Amino acid sequence: MNLKDEILKGNRLALSKAITLLESNLETDRAKAMKLVSQCTINSGKSIRIGISGSPGVGKSTFIDSFGKLLTSQEKKIAVLAIDPSSERTYGSILGDKSRMTNLAADKNAFIRPSPSKGILGGIAQFTRDSVILCEAAGFDIIIIETVGVGQSETKVNNIVDFFLLLILSGAGDGLQGIKRGIIELADLITITKTDGNNIDKAKEAKQEYIQALQLFPLKDNGWKPIVTTCSAIKNEGIKKISEKIYSYDKIMNMNGWKNQKREQQDVYWLHHNIKHELGERRYNELHKNKNIQSLEKMIKEKPIYEIISSLYKS
Ligand code: GDP
């Protein structure tokens, strides 16, 4: 099977195989994977990339299940990729169990890929970015990157996504104090989960608390004022509103050029990051010292990152 051709046709098996290739630490597989990501790059970039973060138990998988089904009912194709920082350390994935997102998993317009269960060369964030490119080339309209909200991975994920959604549980140790300031600062939308049954009053209080807290943060560079909402994934309430806010954000940021600008900045970040990981710190520092990095940055608009890097192997 020609993986590239099959991915471009939207073949999910080919997409799965390609992502497995990305997970491989074998040098020959690595070369194939980089070539594939390069080939797919020109067909990528057309999706809305959403980061979804929240502590374990906040209701991420239930939310994504309900949110994802709403999107597929709107004829969207949706891919879900998970980042679990613990899998990098312990070589085991807590997000890997198949019972999560059961409705979405059975949907032919959804593709769910759990976090890799072993160490990945270049780290999980780099792997995830490459997977996003493959998913976009396969025609997915919305890509969700799920993280567990411990801080580190969110900052990296912010270098992949367009929009950041933070899920918060009211009154369960997940109060304002418990959430890292840095994560709140990244959020474009905060939603208080499980707003149903006995939780409704607490959730409304939490919403007000977060609205006030957000007023203390400076306005984002793109002019977006983060929104706070409530939702109940099991009752399917508040989910559509979140999707509408995301579509509206995407429309605004497309129109004012911010989406492109952010993606270009992200590409520069990944160029630096990937050179370090593929060629080593020493070579990277040399390129920096000789100011060659700037000329490589200029190539980003014309060439996929891995193509730029492979030309460095040869030089
Ligand atoms: P995750 O660890 O963040 O992925 O959280 P899960 O989606 O697995 O949810 C954790 C628990 O909260 C499960 O027992 C869910 O059934 C429950 N839960 C998730 N969403 C809701 C909701 O909207 N309302 C209520 N009452 N419970 C929910």
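1. Start with the lining of the largest cavity: D162, Y249, M253, W258, K259 and K262 make it up. The elements giving two or more residues to that lining are helix 11 (239-255) and helix 12 (258-279), and helix 12 gives the most, with three residues. Helices here are DSSP runs of H or I with at least four residues, strands are runs of E with at least two, and both are numbered from the N terminus. The volume of this cavity is about 40 Å³.

2. Before going on, a word on the model: it is predicted, so to speak of local features pLDDT must be at least 70, side-chain atom pairs count only at pLDDT 80 or more, and totals for chains, interfaces and linings use all residues. Residues are numbered from 1 along each chain as its sequence is written, and side-chain values use heavy atoms, with hydrogens and water left out.

3. On the terms: the search runs on a 1 Å grid over the protein atoms alone, and a cavity is a set of points where a 1.4 Å probe fits but cannot get out. A pocket is an open set with protein on both sides within 12 Å along at least five of seven lines, and lining residues have an atom within 4 Å of a point. Grid points are joined across faces, edges and corners, and a volume is the space filled by probe spheres set on the points. By this rule there are two cavities of 30 Å³ or more.

4. By class, the largest cavity's lining has three nonpolar, no polar and three charged residues. The classes work like this: Ala, Val, Leu, Ile, Met, Phe, Trp, Tyr, Cys and Pro are nonpolar, Asp, Glu, Lys and Arg are charged, and the others, Gly among them, are polar.

5. For the cut-offs, buried means under 20% relative accessible area, exposed over 50%, and partly exposed in between (1.4 Å probe, protein chains only). A polar atom of the D162 side chain lies 2.8 Å from the backbone nitrogen of R49.

6. The second largest cavity has a volume of about 30 Å³. L81, A82, R113, P114, P116, F127, T128 and S131 line it, with strand 2 (78-83) and helix 7 (124-137) as the elements that give two or more residues. Helix 7 supplies the largest share, three residues. By class, this lining divides into five nonpolar, two polar and one charged.

7. What about the open space? The largest pocket holds about 620 Å³. Of its 24 lining residues, the closest to the centre are E185, D188, K220, D221 and N222. Helix 9 (181-186), helix 10 (200-215), strand 7 (227-230) and helix 12 each supply at least two lining residues, and helix 12 gives the most, with four. The lining divides into eleven nonpolar, six polar and seven charged residues.

8. Now the ligand. It is surrounded by 14 residues, the closest being K60, S61, T62, K194 and D196; a residue counts if one of its heavy atoms lies within 4 Å. By class, that shell has four nonpolar, six polar and four charged residues.

9. Which atoms reach the ligand's oxygen atoms? A polar side-chain atom of T62 lies 2.5 Å from one oxygen atom of the ligand, a polar side-chain atom of K194 lies 2.8 Å from an oxygen atom, and a backbone N or O atom of G57 also lies 2.8 Å from an oxygen atom. Taken alone, the ligand exposes 580 Å², and the protein buries 67% of that; these areas come from the Shrake-Rupley method with a 1.4 Å probe.

10. K194 is also worth a look for its backbone: its phi is near 55 degrees, a positive value in a residue other than glycine. K194 is found in the loop between strand 6 (189-193) and helix 10, and it counts as partly exposed because its relative accessible area is 33%.

11. N236 has a positive phi too, near 60 degrees, and is a residue other than glycine. N236 lies in the loop between strand 7 and helix 11 and is exposed, with a relative accessible area of 52%.

Methods. A polar contact is a pair of N or O atoms within 3.5 Å; within protein, one must be able to donate a hydrogen and the other to accept it, and residues adjacent in sequence count only if both atoms are side-chain atoms.
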